[in-house]
Amino acid sequence: MMIYLDHSATTPVSAHALAAMLPYFSEIYGNASGIYSQGRRAKEALETARGQVAAVLHCRPAEVFFTACGSESDNLILRGLAWAATKAGRGAHLITSAIEHKAVLDTVQQLVDLFDCTATILPVDGQGRVDPQDLRQAIRADTVLISIMTANNEVGTLQPLAALAAIAREHGIPFHTDAVQAPGHLPLDVDALGVDALALSAHKFYGPKGVGVAYLRSGHSLIPALTGGGHEGKRRPGTENVAGIVGLAAALHEAEALRPTETPRLLALRNRLLDAIPAAIPGARISGHPHERLPHHASFLFPGLEIQGVLMGLDMAGIAASSGSACTSAAQTPSSVLTAMGVSRADAAGHLRLTLGRSTTAADIDRVLEVLPPLAARIWKLVGW
Ligand code: PLP
């Protein structure tokens, strides 16, 4: 049996989400725009799903629209809000942070390169946190959008989101958060968080791949970055992926229901890794914040070691893990997240991420602690450390 420890990359579809979706592939296949009963049933399912998502976000159903993934949600929100602001002559200055997912950073960069926007990229400290004072100082009269992620995918660090969003609100600037890593682990009440826009992706919380959520507080105008139809309140055109959306809503509802029991369970298992790995492997250290981090997320730096060897060794022992970023080799570009945290290029090549999930047991953690220390020691010896 494989021990799967890459839940921040993706999760299996839960039995509950799968069962909810299945009828919408075959029995209830109508186009949700159709006026016949098949279409009306699809439309009803779509609106029920929207209501379920809104209940978890504590927002109005009309403030939720469905997309094809988390990246698309980030793209549509950022581009749509920035375009609307520039068109209205409100300004064109954007603020984000250096540790965002590329779906945010590359979109901001494109807005700068092609659409006459300017951007301030806020730095982070050695544990990956944005300082609210830095945000306050970066705000200008022409700032029209702030985007800071809820929790980082590579190092698990949580941002002081409520403090950051409160500063945005003081200045009347829309605040977006990429919350793709949050469902099932953190509360998602948009009013408590104080956010105006938020992105989610179903495959990160035991829903299907290819479907995402964008939340946009009413009162904010958005120019649709995709055009072609009046679907989703004219915010995202295209025939709705009803089965996927039904699966997303069922999965989100389930993740929220399981959160009170799963969080302490995962936290206890994860803390064993955070305590035991640096103790058992001389030179290894935790990356990201020691406790202000996602409860299922453990990540480490193994200085002087290229992580691929470790990942392959773990795979041979039946353990699926990752580096947390698409690139691990020192010969390639190092992770921009680790670089922003001040990690050297050489050290960044030795980054390991272990993200736990519903299938993870205490025996899985025992097995990792049995396999990983001698494996790292062997590879270090090979590279002459
Ligand atoms: N944002 C964060 C923080 C992520 O971790 C990911 C996926 O890894 C994404 C956005 C993109 O989500 P999707 O794969 O649904 O496009």
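Which polar side-chain atom lies 2.6 Å from an oxygen atom of the ligand? That atom belongs to Ser71. Before going further, note that this is a predicted model, in which local features need pLDDT of at least 70, side-chain atom pairs count only at pLDDT 80 or more, and totals for chains, interfaces and linings use all residues. Residues are numbered from 1 along each chain as its sequence is written, and side-chain values use heavy atoms, with hydrogens and water left out.

Back to the ligand. Taken alone, the ligand exposes 390 Å², and the protein buries 87% of that (accessible areas come from the Shrake-Rupley method with a 1.4 Å probe; for residues, only the protein chains shown count as cover). The residues around the ligand include Cys69, His101, Met149, Asn153, Val180, Gln181, Ser201, His203 and Lys204; to be listed here, a residue needs a heavy atom within 4 Å of the molecule.

Now for the strands. Helices (H or I, at least four residues) and strands (E, at least two) are DSSP runs, numbered from the N terminus, and two strands pair if DSSP finds at least two bridges between them. Strand 5 covers residues 143-147, and five of its five residues are buried, so the strand is largely enclosed by the rest of the structure. Here buried means under 20% relative accessible area, exposed means over 50%, and partly exposed is in between (1.4 Å probe, protein chains only). Strand 5 runs parallel to strand 3 (residues 93-97), joined by four bridges, and Thr96 stands opposite Ser147 of strand 5. Strand 5 also pairs in the parallel sense with strand 6 (residues 175-178), over two bridges; Ile146 has Phe175 of strand 6 as its bridge partner. With helix 7 (residues 161-170), strands 5 and 6 make a right-handed β-α-β unit: with the strands pointing away from the viewer, the path from the first strand over the helix to the second runs clockwise.

There is also an open sheet of three strands, in the order 9-10-12, with antiparallel pairing. Strand 9 (285-286) and strand 12 (351-355) stand at the edges with a single partner strand each, so one side of each has no neighbour in the sheet. Two bridges link strand 9 to strand 10 (residues 297-301) in the antiparallel sense, and Arg285 faces Leu301 of strand 10.

A few single residues round out the picture. Arg259 belongs to helix 10 (residues 242-280), and its side chain makes a polar contact of 3.0 Å with that of Glu256 (a pair of N or O atoms within 3.5 Å; within protein, one must be able to donate a hydrogen and the other to accept it, and residues adjacent in sequence count only if both atoms are side-chain atoms). Leaving aside neighbours within four places in sequence, Arg259 is in contact (heavy atoms within 4.5 Å) with Gly184, His185, Leu186, Pro187 and Pro264.

Ala317 is found in the loop between helix 11 (307-316) and strand 11 (319-320). At 24% relative accessibility, Ala317 counts as partly exposed. Its C-alpha atom is 9.1 Å from that of Arg367, 50 residues apart along the chain.
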